[in-house]
Amino acid sequence: MMIRIAPHDLRNALNLSMLLAGSICFVSAMAQSNPPSTPIVLSETSEAEVKVACIGDSITAGYPNPGGFPPVLDGKLPDNYTVVNYGKRGATALGPGRGSSPYISTTEYANAIKSGAGIVVIMLGTNDSNNTSWVHESHFKEDLGKIVNNFLNLSHHPKVYLASTLPSFTTSEKINSLRIETLIGPRIRDLSNELGVQGIDTFTHFIDKKSLFIDGTHPKSEGHNILAQVIHDAITGPDDN
């Protein structure tokens, strides 16, 4: 037996099926565009940990006792900063075959390169003033620049600061105060400009302040405090080359 459907009933059936189909599509789209939300887990701290690597000679490493200014700097910076001392006594910026004790050949340098530090503070040059090393003065900027670039070119691209040397109040075969002030200091400043890294002027804070030094070259505890504050202000303040 054939069932006949009146035209108006057919239209009603078609309208109903289209309405149902549209509703299904709408619900399906809602399901795709609004998946079940997952809870957001907030970190216990909003401040990322920052390692600061201090590169230098005995002024950084500490003399006559280990320590230097890095522990003082660590106490001044916010709690999420960790300062690590990679200083090496007697180290020069001048490299192998030129410097009396090339920093780039030391274990401290190798460890600093591998440290993953986000901030690197480099302060070398005092020992380059000695008579043995300064014969190769024409290579000073080149060799110091190599150390700076080796940090700049690390895959995590740390922020690098290039600090000037401190003044010295003694002159001998090992340390020449005139070379430090008139030759080494200006070359460090020129290098920071050429490489586009922020310089830190530590020199002027110690002019005519021989009383802050143990032996005319190495700072006393008060000197460490001033040096640490200058570096702290550079790290935490706006860039100023």
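**Notes on the predicted model**

1. The largest pocket of this predicted model has a volume of about 450 Å³. Its lining counts 25 residues, and those closest to the pocket centre are Ser164, Arg189, Gly199, Ile200 and Asp201.

2. Three elements, α7, β5 and α8 (221-236), each supply at least two residues of that lining. Helix α7 gives the most, with eight residues. By class, the lining of the largest pocket divides into nine nonpolar, eleven polar and five charged residues.

3. Strand β4 (residues 159-163) is mostly covered, with four of its five residues buried. Strand β3 (residues 119-123) runs parallel to β4 and is joined to it by four bridges; valine 120 stands opposite valine 160 of β4.

4. β4 also runs parallel to strand β5 (residues 198-200), and three bridges join the two. Here alanine 163 has isoleucine 200 in β5 as its bridge partner. Together with helix α7 (residues 177-195), β4 and β5 make a right-handed β-α-β unit.

5. The structure holds four salt bridges. One of them pairs arginine 98 with aspartate 143, the closest N and O atoms being 2.8 Å apart. Arginine 98 lies in the loop between β2 (81-87) and α4 (107-114) and aspartate 143 in helix α6 (residues 140-152), so this pair ties together parts 45 residues apart in sequence. Arginine 98 is partly exposed, at 22% relative accessible area, whereas aspartate 143 is buried at 7%. Arg98 and Asp143 are also linked with Glu142 in a network of salt bridges.

6. Glutamate 137 forms a salt bridge with arginine 187, with 2.8 Å between the closest N and O atoms. This pair links distant parts of the chain, 50 residues apart: glutamate 137 is in the loop between α5 (131-134) and α6, and arginine 187 is in helix α7. Glutamate 137 counts as partly exposed, at 29% relative accessibility.

7. Lysine 141 forms a salt bridge with glutamate 194, the closest N and O atoms being 2.7 Å apart. Because lysine 141 lies in helix α6 and glutamate 194 in helix α7, the pair ties together parts that are 53 residues apart in sequence. Is glutamate 194 buried or exposed? Glutamate 194 counts as exposed, at 54% relative accessibility, while lysine 141 is partly exposed, with a relative accessible area of 25%.

Terms used
Residues are numbered from 1 along each chain as its sequence is written. This is a predicted model: local features need pLDDT of at least 70, side-chain atom pairs count only at pLDDT 80 or more; totals for chains, interfaces and linings use all residues. Side-chain values use heavy atoms; hydrogens and water are left out. Buried means under 20% relative accessible area, exposed over 50%, partly exposed in between (1.4 Å probe, protein chains only). Two strands pair if DSSP finds at least two bridges between them. A crossover is right-handed if, with the strands pointing away from the viewer, the path from the first strand over the helix to the second runs clockwise. On a 1 Å grid over the protein atoms alone, a cavity is a set of points where a 1.4 Å probe fits but cannot get out, and a pocket is an open set with protein on both sides within 12 Å along at least five of seven lines; lining residues have an atom within 4 Å of a point. Grid points are joined across faces, edges and corners, and a volume is the space filled by probe spheres set on the points. Ala, Val, Leu, Ile, Met, Phe, Trp, Tyr, Cys and Pro count as nonpolar, Asp, Glu, Lys and Arg as charged, and the others, Gly among them, as polar. A salt bridge is a side-chain nitrogen of Lys or Arg within 4 Å of a carboxyl oxygen of Asp or Glu.
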